[in-house]
Amino acid sequence: MDAGRGAAPGRTARRGETRRTVLTIAAGAALAAGFGGRAVAQEGGGAAAVAPKMPAGEQHGISVFGDLKYGPDFANFEWVNPAAPKGGRIVFTAPNWAYNQNPQTFNTFNTFILKGDAPPRVETIFDSLMVRALDEPDALYGLVARSVERSEDGNTFTFRLRPEARFNDGSPLTAEDVAFSLTILKEKGHPIIAQTIREMTAAEATAPDTVVVRFSGQQSRQLVMVIATLPIFSKAYYATREFDASTLEPPLGSGPYRIGRFEPGRYIEYDRVADWWAADLSTARGRFNFDVVRLEFYRDRQVAFEALKKGEVTYREEFTSRTWATEYNFPAVTDGRVRLETFPDDSASGAQGFFMNLRREKFADPRTRAAIGLCFDFEWSNKALFYGLYLRTESFFQNSAMMATGLPSPEELALLEPFRGQISDAVFGEAWRAPVSDGSGQDRRLLRQASDLLQEAGWRREGSRLVDAAGRPFTIEYLENDNSSSRIIQPFFRNLQRVGIEATERIVDPAQYQARTDGFDFDMTGLRFSLPETPGEELRQFFTSESARTNGSRNMAGIANPAVDALVELIIAAPTRQDMTVAARALDRVLRVELPWVPNWYKASHNVAFWDLFGSPATKPRYGFPVETTWWWDTGRAEKLGRTG
C-alpha cells in the first residue's frame with residue numbers, strides 16, 4: 001500500500017500493495033469578495049462562463065490560459081523519439097486506470113459506462129478531437145480536429161475535422177460521429193463523464209467536416225478541453241447496438257490500437273493498427289510504437305512479481321517499498337537482464353489516504369475523524385515497513401504550488417472570510433499538518449489525545465470498547481479487494497483498538513469491491529487520486545456535494561460542504577493561473593481541516609523494473625510518464641536476451 005503513481009488527471013490509481021480505487025451548492029453573493037470583487041457564483045449554483053484564452057480565428061491548439069509551446073507547423077512533441085522503430089511488445093500490469101476499469105479482472109469492453117469491469121487502456125482504441133501535450137500544464141493540439149475556433153462570447157466552439165480521419169474498418173470519421181459521441185456520452189455515459197459535460201447544450205454537425213459544440217453559459221473554462229479529449233464512436237456502428245450495454249464484442253475504434261487476443265480476467269492484447277490514419281501527424285509521430293501492448297491481470301501482488309522474474313511480464317512499476325528495497329535481487333537483475341531505474345516525477349503527487357465514509361453517522365463529528373487519524377503512526381510505518389522511502393502526505397495538492405502552507409495569504413483570506421462561522425476557525429490559522437509521532441508504533445501521547453477527542457465527541461468507554469449514546473459499539477470495516485495492505489493497516493487497527501474502536505479488514509472480490517465503492521457501501525477504504533496542474537471539472541467529481549450524492553463518482557468520502565463547493569467553482573473559473581493557485585490553496589485549507597481521510601504518504605519518483613528489451617526517449621515529459629506510448633522495442637537488446645518480440 002505504498003505510494004501509487006502515474007494517475008492521469010482525474011484518474012484513480014491503485015496504491016502499491018493494495019488494489020483499490022481519479023455539481024455545486026451556490027454560496028451566493030458572498031463570493032463577490034473573490035478575485036478583486038468579481039462575483040463568480042451564479043443563481044442555481046453554476047459558475048460564470050469563462051472561456052479559454054484564444055486568439056480570433058481558427059487555432060491549431062488550445063490551453064486554459066492561452067499559452068502554447070508548439071506552433072502550427074511543429075513536427076513532433078519534444079518528449080518522443082520521432083524515429084522510434086515500430087515492433088515488438090510490452091507486457092505489464094496497469095499502474096493506473098479510469099472510469100469502470102479494473103486492473104484485476106474484466107468482463108466488458110465498454111469502459112465509458114458505469115456497468116461492468118473494463119480492462120485498462122481500452123480507451124486507446126478510440127481517437128479524440130485533440131490530445132494533451134505532456135510537457136505543458138494543460139495544452140491540447142489537434143488530432144481528429146485540424147483546428148478549433150471560439151465564439152466571441154466563449155459559449156460556442158467550432159471544430160473542423162481532418163478529411164483523412166477514418167475508423168479502423170476504413171469508414172470515414174465525420175462530424176456526425178463526433179456529435180453522436182458527445183451527445184450519447186452526456187445521455188448514457190459514465191457518471192464521471194455525464195456529470196462533467198452537463199453544461200454542454202448541443203453538439204451539431206453543420207458539415208461533414210465541421211462540428212459545433214454549444215455550452216449553456218454556466219460552463220467552466222476547462223469544459224471544452226474535456227470535450228476535446230473524449231472518445232469518438234462510430235454512429236453507424238451503434239445504430240445496431242446498445243451503447244450502454246456491457247459487452248465483450250470488441251468495439252470499432254479509430255485509434256492506434258485495436259483489441260486483439262484476450263481471455264476475460266486473465267489478459268488482453270492491444271494490437272497496433274499498421275495503417276492507422278493519424279500515424280504521421282505531429283501529435284502522433286514517435287508514439288504508439290509497440291506492435292502489441294499486453295496487460296496481464298493478477299489478483300495477488302506476489303504472483304504478479306513472480307511473473308516479472310520469469311519474464312512473463314516485461315515491465316513493472318513498483319509501488320511497494322519493501323519489495324523495491326529487498327526483493328529485486330533475483331538473478332535476472334544481478335546479471336543485467338532486468339534493469340532497475342528511478343525516474344523523477346515532477347507532477348503533483350496527488351492525494352492518498354484511508355478515506356472515511358462521511359455519509360455514515362459515526363464519522364460525522366470532525367473530532368472523531370481527528371482521533372482516528374491520531375492512531376496512524378506514519379513515522380513507525382516509514383521506518384519499519386517502508387525503509388524510509390516516503391514522506392507524509394498532508395495536502396490534497398501535495399508536491400505542487402497549490403498546496404497550502406503556513407498562514408493564509410491576504411488573497412486566500414479574501415476567499416475564506418465570507419465563510420467564517422460556517423467553516424472551522426482552524427482554517428484561518430496555520431495549514432493543517434499531520435501529527436508527528438515518536439516512532440514507537442503506539443505513541444501514548446497521541447493515543448491519549450485520540451481518547452480525549454472521542455470522549456468530547458460523545459463516545460464513552462464500556463469495558464475495552466467505545467459505544468455511542470445508544471450503547472452501539474464503534475466499529476470500522478476497512479474494505480479491500482486483496483490482502484496486500486494487511487501489514488500496514490493491522491498496526492493502525494491495533495492502535496484503534498487501544499482507544500476502543502473495533503477495526504476489521506474486509507476483503508471482497510474485485511467486482512464486489514467496484515459495486516460497493518460505486519454505491520458508497522463501506523466504512524473506510526484506501527484511495528489515491530492525482531489532480532492536474534490546471535484542475536478543472538474533475539474537482540467536482542472528487543469534492544462537491546452533488547458528487548457525494550451520485551453513485552459512481554470519485555467523492556468516496558462524501559464531502560458535502562458549501563464552502564468547498566464554492567471554492568471549487570472559483571478554481572474552475574479563475575481568470576489567471578495565479579488566481580487559480582490562490583483558490584486551490586484556500587480549498588486545500590478547508591479540506592484538510594475537514595479531515596475526511598487519514599492521509600498516507602508519497603514519493604516524487606517512479607521506481608521501475610524492466611527486461612532490457614526497450615529503448616526510451618531522451619526526455620521524459622514533466623506531466624506524465626507515458627511508457628507504453630513512447631518507449632519502443634529495441635531489436636538489438638532483444639536479440640541479446642534471445643527474445644524475438
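This briefing covers model confidence, the surroundings of one glycine, and the salt bridges of the structure. The model is predicted, and the protein averages a pLDDT of 90, with 92% of the residues scoring at least 70.

**Around G88**

- G88 lies in the loop between strand 2 (61–62) and strand 3 (89–92), and it counts as buried because its relative accessibility is 17%, where buried means under 20%.
- Leaving aside neighbours within four places in sequence, G88 is in contact with F290, D291, V292, W633 and G645.
- G88 and F614 are 526 residues apart in sequence, while their C-alpha atoms are 9.2 Å apart in space.

**Salt bridges**

- A search of the whole structure finds 43 salt bridges, among them one between the side chains of E78 and K69, at 3.0 Å from N to O; E78 counts as exposed at 52% relative accessibility, whereas K69 is partly exposed at 42%.
- The side chains of E546 and R198 meet in a salt bridge of 2.9 Å, N to O, and this pair links distant parts of the chain, with E546 in helix 14 (residues 545–548) and R198, 348 residues away, in the loop between helix 2 (191–196) and strand 8 (200–207).
- Both partners are partly exposed, E546 with a relative accessible area of 22% and R198 with one of 33%.
- E269, which counts as buried at 3% relative accessibility, forms a salt bridge with R261 through their side chains (3.0 Å, N to O).
- A network of salt bridges links R360, K362, E477, R506, R516, D521 and D523.

Notes:
Residues are numbered from 1 along each chain as its sequence is written. This is a predicted model: local features need pLDDT of at least 70, side-chain atom pairs count only at pLDDT 80 or more; totals for chains, interfaces and linings use all residues. Side-chain values use heavy atoms; hydrogens and water are left out. pLDDT is the predictor's confidence in each residue, from 0 to 100. Helices (H or I, at least four residues) and strands (E, at least two) are DSSP runs, numbered from the N terminus. Buried means under 20% relative accessible area, exposed over 50%, partly exposed in between (1.4 Å probe, protein chains only). Contact means heavy atoms within 4.5 Å. A salt bridge is a side-chain nitrogen of Lys or Arg within 4 Å of a carboxyl oxygen of Asp or Glu.
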